[in-house]
Amino acid sequence: MNKKIQRSSHAIGLAARIIFAAAVIALIIWKFKELQNIDVRALVESSQSTLAAVLTVLAVYLIKGITFVVPASLVYIAVGMAFPPVIALLVNFAGILIEILVSYLAGIILGGDFVTKKLEKNKYGAKILSLRDNRKNSAVFFVRVLPVFPIDLVSLFLGAVRMKLLPYILVSLGGIMPRVILFTLLGDGIYDYIPMKAIIPAAAVLIAAALVIWIIKYIIKSKKAEEPVYQPLSESGNAVIFDTDMGPDCDDAGAWAMLLKYAEKYGFKILGAANCTSNEYANGVIRAIADYCKAGEIYVGGHTGYEVLPDGDRYNKAVTKKYFENVREACKADDDIDFYKKLLSKAEKNSVTVITVGTFSNIAKILDKDPKLFNSKVKTIVSMAGKLPEGKEFNITSDIAAAKTVLEKFTNTIVFSDHGIGNDVVAGFDSEKENNPVFDCYKLYMGKEPYKRSSWDLTAVHYAVEGEGDFYKLTPAMKVTVDDDGCMHTEKDKTSNRYFLKRMVAADVLALHFEKEIFND
């Protein structure tokens with residue numbers, strides 16, 4: 001989005017929220033005495049007709065839904081006393097419907113930050129906020145049934161998190177109406193004991209304080225919102241760590257070559273490359289491709305401990321032996337934890353981008369060992385992994401525990417290039433190449449012409465370096481979870497810092513771009 005348009009949008013949003021909140025406060029101040037001493041029975045009795053009396057009650061419900069200060073039982077009981085039982089129940093039913101719709105709309109207008117701040121200071125706010133992670137109808141119904149949870153605050157929150165409207169209405173009415181029926185038929189036994197003098201001033205102060213806090217937070221957030229979710233390496237110049245499962249597929253070789261060539265083109269620094277498999281020959285392939293791209297000495301880390309993809313040897317051993325006389329030396333690598341500690345300890349805060357095109361095995365280990373170091377130095381992980389909106393994918397299922405650890409413990413931004421982005425982008429070599437380890441990897445893996453393969457890993461590197469541009473756009477922020485069986489699940493969540501790529505060009509267009517940039521140089 002254009003920055004000027006974005007700023008205008010933020011300004012309009014801010015103005016709308018300020019006007020709405022100010023109007024609520026003004027209503028309370030303007031009609032303070034009337035609200036403080038509201039007498040629904042008297043309002044009904046003074047009405048010229050039954051229709052006028054009904055409309056008056058519905059207006060009270062409307063005000064209640066906006067101001068959050070009129071006690072629910074006050075209205076239910078008064079309506080029960082003013083109308084015959086059947087009519088009273090119908091009026092209260094219509095009023096509750098208006099009230100929950102108005103509060104729901106207010107939640108949408110005010111937004112999640114304002115509502116969250118408000119609820120955090122409320123006695124039952126934490127319980128209401130727990131619905132953010134559990135918006136199942138059963139959970140909402142349970143909260144609606146219990147009279148301790150204020151109807152309007154719950155409605156405000158469910159509007160802010162954009163619960164679907166029809167389930168919201170049905171579950172809310174189903175949970176609220178039983179107690180409405182009781183209060184409607186109860187009479188005025190407790191009518192004179194409702195502390196209106198304390199409730200209304202407290203509500204006015206609460207709304208005013210929440211508004212001030214929200215404005216300050218909104219201004220800070222607006223400034224941050226002008227910054228992109230991710231600044232590509234071609235612009236930021238951040239240092240890079242490449243983490244790969246070289247061997248089980250050949251697109252890792254293409255992705256590594258792409259990164260090395262882009263580093264030369266744009267001038268960013270590659271700190272090192274980590275092999276997340278248990279196949280030591282992968283280290284040799286990493287070095288062979290780096291030598292071919294004239295990248296100089298590359299610091300290599302290798303996975304240790306439990307086995308991860310140990311048999312990924314379709315080309316690793318052959319390529320390493322072809323390009324190195326001293327195979328043992330070529331396959332050497334530092335322990336994965338030492339690798340990350342050494343590189344990150346020397347880096348500046350938020351200065352490193354990690355590109356993963358394999359499992360999360362290495363990253364999970366350093367996050368378990370030293371989460372503070374990793375989270376303070378690594379600003380973004382760009383990863384080829386997962387499936388949108390849900391499903392199983394190789395890099396996740398090959399080390400499920402590691403994926404869950406990274407999603408839980410990495411506090412900064414993750415951008416996923418999921419399986420679907422590169423699956424149809426089939427790219428590679430049109431002709432034989434001599435003394436080219438990247439070509440050798442593709443040829444040995446494919447076995448026969450054409451030496452072309454899906455470009456899953458290349459899309460992650462391509463985005464990490466060049467950003468969205470004409471090729472990609474980011475989804476809205478997503479909450480991402482992984483089940484014990486490795487199935488990924490996603491849902492929109494404005495509070496999250498997980499995003500997915502959307503490919504904006506046809507697969508063959510992107511494949512042609514990759515071949516021009518990488519394979520047929």
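How many disulfides does the structure hold?

1. The structure, a predicted model, holds zero disulfides. A disulfide requires two cysteine sulfur atoms within 2.5 Å. For Cys 250, the closest cysteine sulfur belongs to Cys 441 and lies 7.8 Å away, which is too far for a bond.

2. On the cysteines themselves, Cys 250 counts as buried because its relative accessibility is 0%. Cys 331 also falls in the buried class, with a relative accessibility of 7%.

3. Cys 441 is among the buried residues of helix 24. This helix spans residues 437–446 and is mostly covered, with seven of its 10 residues buried. Besides Cys 441, the buried set comprises Pro 437, Val 438, Phe 439, Asp 440, Tyr 442 and Tyr 445.

4. At its start, a side-chain oxygen of Asn 436 comes within 2.9 Å of the backbone nitrogen of Val 438. After the helix comes Gly 447, with a positive phi near 85 degrees.

5. Strand 12 runs antiparallel to strand 13 (residues 487–492), and five bridges join them. Within this pairing, Thr 490 of strand 13 is opposite Val 480. Four residues lie between the strands of the hairpin, where Gly 486 adopts a positive phi near 90 degrees.

Conventions:
Residues are numbered from 1 along each chain as its sequence is written. This is a predicted model: local features need pLDDT of at least 70, side-chain atom pairs count only at pLDDT 80 or more; totals for chains, interfaces and linings use all residues. Side-chain values use heavy atoms; hydrogens and water are left out. Two strands pair if DSSP finds at least two bridges between them. Helices (H or I, at least four residues) and strands (E, at least two) are DSSP runs, numbered from the N terminus. Buried means under 20% relative accessible area, exposed over 50%, partly exposed in between (1.4 Å probe, protein chains only). A polar contact is a pair of N or O atoms within 3.5 Å; within protein, one must be able to donate a hydrogen and the other to accept it, and residues adjacent in sequence count only if both atoms are side-chain atoms.
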